[in-house]
Amino acid sequence: FMAAFLSLLFPGLGQAYLGAYRRAFGWAILPFLLVALVAGVALRVNVFELAGFAVQAWFLDGLFVLNLILLAYRAAAIVDAWMIARRLGAPGLRWRSGPVMTTTAMLSLAGLVAVLLVMSVAHVAVARYDLLLSSTVNCVFGGTSGDCRPGSSAAPGGSGGPGTSADGSVGPPVQASPGTGTWDGKSRLNILLIGADEQAGGHNTDTMITVSIDPATHQVIMFTLPRDTVDVPVPAGPARTFFGPTFPGKINQWFVTTERRTDWYPSIPGIQDGPGYNGLKAILGNLYGLDIKYFVEVNFDGFRKIVDALGGVTINVQIPVLDDHYPGARGNLQRLYIPAGMQHMNGAEALRYARSRHTSSDFDRGARQQRVLVSLREQTNIATVLPAIDALTEAVKGAFVTDIPRELVPQLLQVADQVDARSIRSVIFTPPYYQTEFLNSPRGYIIEPNIPRIRQAVSDAFNIDPQFAEQRDAVAQEGAEVWVLNGSGQSGQAANLAAYLDYLGIAATAPNQRPDTTGLTGTTIRAYNGAEQSDPLTAAMLEQVFKVTVVPVADPNVHVDFAVITAASTPLLTPPPAP
């Protein structure tokens, strides 16, 4: 039993205990070489590369086979040590003493069986987790049916609708693909993060965050487009021939409109509704002027389970959330209140925090969603993942799907490791600077995008000072309306200044009207009806640009927030040329 137990600890150790040193060396040499190989790889490869290997099919298959080989090898070493000890032992340790096996021999055999069982438990556990990880990875990287994603998204439209051709069928698959080619590891990488609401059998992409990564500078910027955005330009191709230059519906409906249209967008091998994902990458890529290579989707129920599996998430709630119309179970409305400050949330609470839409703007909602993602990234580590591996893999299997090639995962994880979560910038394309809001249009509540402003913001994302960009985004979110009125008579002065203020994030226009300049000797800035208090960042920016103090004016007949009246001494300012 002692010889068997020592060989359980390390092959050959039991043989050495019995004095069979050459035999011990023979059993130990292969494990020593394997340990040296693993140690060498561990010293040369960081934890993110190892995690990247863990999603490769060849690695998981190889690990399973290696585990079986080691199981057989260790079992043979244990039995060999036990057999040597039996041959060297006293007569009572031999198989039989007379016609019946002795009690001592039976105990020795029972000890051998116990050692083999203990040894097998570890290998069975490794095999179980290997199969579990393999199943989960297969679901994430190209599995949206069967055990991976129970249920399927609703079929779009009916016969002749936008989801099918006039005869109710789809045409032949197209060959071109958005985001063609594999990422080269050097150029800007764009990945679309999708949060899908699959309640009532639908598949509305209510959260769409395009993550843009510069691998050279390790800068990351997240662009969020609200779900109620309409009239998004349709890229050239069969879909544009069908709809015209823009899609009249809300952008969160584009997926179900294109999910079966293989004649519009190509399928993705192994992924159900691939045309929908490719269509969403194509239309958002066209809007932003970006090549969106890949997508990652998580459904809301899966998100809740993942947060619970990780033990919850701590979020710095900057603005209290109060929503008296949050949809609860069975469509019942319930009251939601989340106070400001550091809050530890479970999965359901984090989902409610991210999804609440009433009594807050789309900007607040988009910022909350991005804050949840950043908080999860900061708080997820090996110590939180390992204890929850069973629940986490089950949640991930039913929640995530992506078209990112497995072979790119190690490189992507290295890039992610080099990103400082505190430096991640976010741009949320909400009214009134980036879009125009319509509360009661014939299409219901909609927002129409200002395409040039959105594209300029995306183009400038990595080409301007980050502090300036953050300041501009903050000013833009105030949404103050500014008129620039030409009081000097200089041709083009007001238009140039309006363009410059627009570059600073201020929604400025230059109406073609001459202001009353009686008593004015220089540049004048008027803040109407308390705008200097409701829009303090805009007021401060105007004072900084023109070096004059804002003058409060109460006039209920004026509906603009600020008016800049120029003079001959007003500086001639124009926006810098586009890069």
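This is a predicted model: local features need pLDDT of at least 70, side-chain atom pairs count only at pLDDT 80 or more; totals for chains, interfaces and linings use all residues.
1. Ground rules. Local features here need pLDDT of at least 70, side-chain atom pairs count only at pLDDT 80 or more, and totals for chains, interfaces and linings use all residues. Residues are numbered from 1 along each chain as its sequence is written, and side-chain values use heavy atoms, without hydrogens and water.

2. The largest core. A nonpolar core is a set of buried Ala, Val, Leu, Ile, Met, Phe, Trp, Tyr and Cys residues joined through side-chain atoms within 4.5 Å. Buried means under 20% relative accessible area, with a 1.4 Å probe and protein chains only. The largest such core has 46 residues, and F303 and Y353 have the most contacts inside it. Helix α10 (residues 300-309) gives the most, five residues. Helices are DSSP runs (H or I, at least four residues), numbered from the N terminus.

3. A second core. This one is separate and has 42 residues, including L192, I271, I283 and F462.

4. The helix pair. α10 and helix α11 (residues 347-355) pack at about 130 degrees, with axes 7 Å apart. Axes are lines fitted to C-alpha atoms over the stretch in contact, and angles run from 0 to 180 degrees between N-to-C directions. Contact means heavy atoms within 4.5 Å. Among the residues that meet are F303 and R304 in α10, and L351 and R355 in α11.

5. A buried aspartate. Where does D473 lie? D473 is in helix α17 (residues 466-478). D473 counts as buried because its relative accessibility is 11%. Beyond neighbours within four places in sequence, D473 contacts R425, S426, V427 and Y434.

Terms used. Buried means under 20% relative accessible area, exposed over 50%, partly exposed in between (1.4 Å probe, protein chains only). Helices (H or I, at least four residues) and strands (E, at least two) are DSSP runs, numbered from the N terminus.
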